[in-house]
Amino acid sequence: MVAVVVSLFVLAALIGGLFVRRNRPLSSGAGSADGLDVPAVEAWAEVDVPEVRVVNRSSRPVHDVQAYVALGRRRPKCVGWIRTLPPTGDEAAKVALTADGRESWQRWQGAQRSSGDVAVEVVFRDDAGRQWRRDRRGALAAVD
């Protein structure tokens, strides 16, 4: 009788463990937030030239990567994009800047006589179609 009870207990634990594992979100290696896979995408501005770099340390590509730059205290403005960014590891990809974005940045640098504060935000879509935004402080959030 004890063996039957123990067997049923073990069976229940195994079945419960299977259900728990199925309900856990799959992780891309970058962790997860709110039950979503979190892409490991970061962007920054080069110091001396109008240039934005972005890395994708995720195992999957991201799409429609849009770089927004805030020059000094100005509101962030879209300055360029990458259609599809494959996993890059630690090697950064250069964002293709729009002519208007590059010219605005250069005028601002000339008026400042230095590179000053340049903050970068990036918006992109993961392989599952979810939109993400990494703000100028580095916080990553899913966009509804």
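Two bridges join E6 to E8, and these strands run antiparallel. Strands here are DSSP runs of E with at least two residues, helices are runs of H or I with at least four, and both are numbered from the N terminus. Two strands pair if DSSP finds at least two bridges between them. Across this pairing, tryptophan 81 stands opposite alanine 96 in E8.

Before we go on, a word on the source: this is a predicted model, in which local features need pLDDT of at least 70 and side-chain atom pairs count only at pLDDT 80 or more, while totals for chains, interfaces and linings use all residues. Residues are numbered from 1 along each chain as its sequence is written, and side-chain values use heavy atoms, with hydrogens and water left out.

How far can you trust the coordinates? The pLDDT, the predictor's confidence in each residue from 0 to 100, has a mean of 76 over the chain, and 72% of the residues reach 70 or more. Helix H1 (residues 2-23) has the lowest mean among the elements, at 35, whereas strand E10 (residues 131-134) has the highest, at 96. Over residues 2-35 the pLDDT is below 50, and beyond near neighbours in sequence this stretch has 16 contacts in the model, a contact being heavy atoms within 4.5 Å. Where pLDDT is low, the predicted coordinates should not be read in detail.

Now back to the sheets. The pair we began with belongs to an open sheet of six strands, ordered E8-E6-E5-E9-E10-E11 with antiparallel pairing. Strand E8 (96-97) and strand E11 (140-143) stand at its edges with a single partner strand each, so one side of each has no neighbour in the sheet. Strands of a sheet pair through backbone hydrogen bonds, either parallel or antiparallel.

A second open sheet has three strands in the order E3-E4-E7, again with antiparallel pairing. Its edges are strand E3 (41-45) and strand E7 (93-94); each has a single partner strand, so one side of each is left without a neighbour in the sheet. A hairpin joins E3 to E4 through six residues, and five bridges link these two strands. Arginine 53 is a handy landmark: tryptophan 44 stands opposite arginine 53 in E4, and arginine 53 stands opposite lysine 94 in E7.

Serine 104 lies in helix H2 and counts as buried at 13% relative accessibility, where buried means under 20% relative accessible area, exposed over 50% and partly exposed in between (1.4 Å probe, protein chains only). Beyond residues up to four places away in sequence, serine 104 touches Leu71 and Lys77. Aspartate 126, in the loop between E9 and E10, is buried with a relative accessible area of 6%. Its side chain reaches the backbone nitrogen of alanine 128 at 3.0 Å and that of arginine 130 at 2.8 Å.

Conventions
A polar contact is a pair of N or O atoms within 3.5 Å; within protein, one must be able to donate a hydrogen and the other to accept it, and residues adjacent in sequence count only if both atoms are side-chain atoms.
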